[in-house]
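Subject: Structure handover

Hello,

Please find the structure below. My notes on what was found in it follow.

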Amino acid sequence: MPTDPVTRLLVVIPAWNEELALPGVLDELAELRGTASGLPPRTDVLVVSDGSRDRTVEVARERGVAVLDLPINLGVGGAMRAGFKYAYRRGYDAVVQLDADGQHDPRAIPDLLAAAAEQDADVVIGARFAGAGTYTARGPRRAAMRVLSVVLSRVARTRLTDTTSGFKLAGSRALPLFAADYPAEYLGDTVESLVLASRAGLRITQVPVAMRPRQGGRPSHGPLRAAIFLLRAMLALVIALSRPRSRQTQTRVAEEGAR
Amino acid sequence: MSVYATALGISFLTVAAIVFLMRSRRIREKYAAAWILLAVAVVVVGVFPDVLATVARFLGVQTPINLLFLVGVVILLVVSVQFSVEISKLEEETRTLAEEVALLRRDLEDGLAAATGRDAAAPPSTPTPADAPDADAPPDQP
């Protein structure tokens, strides 16, 4: 049964000190919304400033988009949960998470929406290794990503090739769950959230997207960090998979729904 | 002065320090309990050294003082794990509060913008967005 088409879409951009790259991303989105680009008629943008100490908030407000200004740095997971709460409480149908550094091409958002509608999926990942673009990872980072993909494909009962992508769509059934319980742990916003979603019976799928180089700021990983990433990714995966089905999660979802 | 007398002195000091901190409300009772229990146990061992020797013999520990060290290390371990649990809980609570603060600030901005009829820092919207889901129109469009 195909889901209802998304009519109210919220593009959530978690941003931590991204005053350099953010304006480009916002301008691109504004341009897309003005044209017949395949975006839903009601597409809003929300920038979640994750305790930024630069002009991220001002830059976003100057461009007229909604801003959540977190008083402290919570990490991507914390910023996204705030975004999901905002979307759920204001009655949006779907959330697309977009990086503030310009790596994700907003023009791929209609592809995510199309995949959600066609495959009745609740979570759609914009995957970087699935054919489009030239994004590659090397060494231990690549190995870790491969293991994560194999294990999570099994958990989600579908083929996933890029489980650490931050370019994702969450549909209406995923919103209450993510609004209530989106993990703030390291890799919680990627690996653990997928485990959470598939355990809640949500359908996950992916579409290939091309990645672009960052438009400003510094990349967050070097070779040593890649090795540490391997270890932490494995730990995050093992913990997420061994975690008991949480009664706490159900309570929080119920509380969030009662608002 | 025997080692037991030294232990006795240290544990009295510990109890005194904990009680002092509790009186000035700088630590809460639930954290103080563990330390007071520990200090009392050391007092008992200090006053009756034979208790330690008897328990050590019963458990098959050759040198009684090693039992003391073992128990001490285990207690410290338990207390630090308890602290990790408490810190994690605090972080989760802080995180929830931070999210709610940001969401409330946003609601407030919406409300102010609607009340003053001007676009302050936010796109046009109504004060109660939950009741009026179509309130926040795409901000960039006229």
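A nonpolar core here means a set of buried Ala, Val, Leu, Ile, Met, Phe, Trp, Tyr and Cys residues joined through C-beta atoms within 7 Å. Please keep in mind throughout that this is a predicted model.

By that definition, the largest nonpolar core has 82 residues. Those with the most contacts inside this core are I13(A), L46(A), V48(A), V95(A) and V191(A). Helix α3(A) supplies the largest share of the core, at eight residues. Another core lies apart from it and consists of five residues, including A39(B), V42(B), V45(B) and L67(B).

As for L46(A), leaving aside residues up to four places away in sequence, it touches L10(A), V12(A), V65(A), A66(A), L68(A), G83(A) and Y86(A).

On the chains themselves: chain A has nine helices and seven strands, while chain B has four helices and zero strands. The elements of chain B run α-α-α-α from the N terminus on. Of the 259 residues in chain A, 48% are buried; for the 142 residues of chain B, the figure is 12%. Taking contacts with a separation of 6 or more, residues 24 or more positions apart account for 78% of them in chain A and for 25% in chain B.

Next, the packing between the chains. Helix α3 of chain A (residues 75-89) packs with helix α4 of chain B (residues 64-116) at an angle of about 45°, and their axes are 10 Å apart. Because of that angle, α3(A) is oblique to α4(B). The crossing of the two helices is right-handed. On the α3(A) side the contact is made by G78(A), R81(A), A82(A), K85(A) and Y86(A), and on the α4(B) side by R95(B), E99(B), A102(B) and L103(B). Sorted by class, the residues in this contact are four nonpolar, one polar and four charged.

Is A143(A) buried or partly exposed? A143(A) has 14 other C-beta atoms within 10 Å, so it counts as partly exposed; a buried residue would need 20 or more. The C-alpha atom of A143(A) is separated by 7.7 Å from that of L230(A), a residue 87 positions away along the chain.

Regards

Notes
Residues numbered from 1 in each chain as written. Chains lettered and ligands numbered in written order. Predicted model: local features only at pLDDT ≥ 70, side-chain atom pairs only at ≥ 80, totals over all residues. Axes fitted to C-alpha atoms, helices over the stretch in contact; angles between N-to-C directions. Parallel < 35°, antiparallel > 145°, perpendicular 65-115°, else oblique. Left-handed = near helix turned anticlockwise from the far one by under 90°. Contact = placed C-beta atoms within 7 Å. Nonpolar A, V, L, I, M, F, W, Y, C, P; charged D, E, K, R; others polar.
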